[in-house]
Amino acid sequence: MNSSTPVTPDLKDEAVLKQLVQKLGSHDMEVINQTSEQVLQLGDAAVPILVSALTWQNEKIRQQAAFLLGILQPPEAIPPLLTSMTRDPNIKIQHAAAHALRNFNVEVMLPHIFNKLHVPH
């Protein structure tokens, strides 16, 4: 292997994904933007770590995770986004989760909303 060849991290590895998502907590907007692009390129592979990140201690990471889930729109993110919208102690994360949910198809969201509200179908 040529020493000048860059080593590409295995972005399917959970530990590598976690390190990547932790960069969303940076104070440098360029780092956040570049990291967001990388996460979005991963598509569905990034969903589990983004859903997990909704509960991490770092508020910037929680906010960015909600934002990115709103772009990716995976149906499995609806319940955790609803929880973030209603239970996160930080209003910025509540708003980020609400904005993320606005991107989802209403027909996909309704069953989750009814379940969350315990409203009979």
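What is on screen is a predicted model, in which local features need pLDDT of at least 70 and side-chain atom pairs count only at pLDDT 80 or more, while totals for chains, interfaces and linings use all residues. Residues are numbered from 1 along each chain as its sequence is written, and side-chain values use heavy atoms, with hydrogens and water left out.

**The whole chain**

Colour the model next by pLDDT, the predictor's confidence in each residue, from 0 to 100: the average is 88, and 86% of the residues score at least 70. Then select residues 1-8, where the pLDDT is below 50 and where, beyond near neighbours in sequence, the model has one contact, contact meaning heavy atoms within 4.5 Å. Among contacts between residues at least 6 apart in sequence, 58% join residues at least 24 apart.

A nonpolar core is a set of buried Ala, Val, Leu, Ile, Met, Phe, Trp, Tyr and Cys residues joined through side-chain atoms within 4.5 Å. Select Val21, Val39, Leu50, Leu69, Leu81, Leu101 and Phe104, which touch the most other members among the 28 residues of the largest such core. Helices H1 (14-22), H2 (29-42), H3 (47-53), H4 (59-72), H5 (78-87) and H6 (91-102) each give two or more residues to this core, and H4 gives the most, with five. Centre the view on Leu101, which, leaving aside its neighbours within four places in sequence, is in contact with Ile78, Leu81, Leu82, Met85 and Met109.

**Where H5 meets H6**

To see the contact itself, select Ile78, Leu81, Leu82, Ser84 and Met85 of H5 together with Ile93, Gln94, Ala97, Ala98, Ala100 and Leu101 of H6. By class, this contact has nine nonpolar, two polar and no charged residues, where Ala, Val, Leu, Ile, Met, Phe, Trp, Tyr, Cys and Pro count as nonpolar, Asp, Glu, Lys and Arg as charged, and the others, Gly among them, as polar.

Stay on H5 and pick Ser84, which counts as buried because its relative accessibility is 5%. Apart from its neighbours within four places in sequence, Ser84 is in contact with Leu54, Ile93, Gln94 and Ala97. Thr86, also placed in helix H5, has 49% relative accessibility and therefore counts as partly exposed. A distance drawn between the C-alpha atoms of Thr86 and Ala97, 11 residues apart along the chain, comes to 8.9 Å.

**Two last stops**

Move to Gln41 in helix H2, which at 67% relative accessibility counts as exposed. Gln41 and Leu72 are 31 residues apart in sequence, yet 9.9 Å apart in space, C-alpha to C-alpha. Finish in the loop between H4 and H5 by selecting Gln73, which has a positive phi of about 55° although it is not a glycine and which, at 36% relative accessibility, counts as partly exposed.

Technical notes. Buried means under 20% relative accessible area, exposed over 50%, partly exposed in between (1.4 Å probe, protein chains only). Helices (H or I, at least four residues) and strands (E, at least two) are DSSP runs, numbered from the N terminus.
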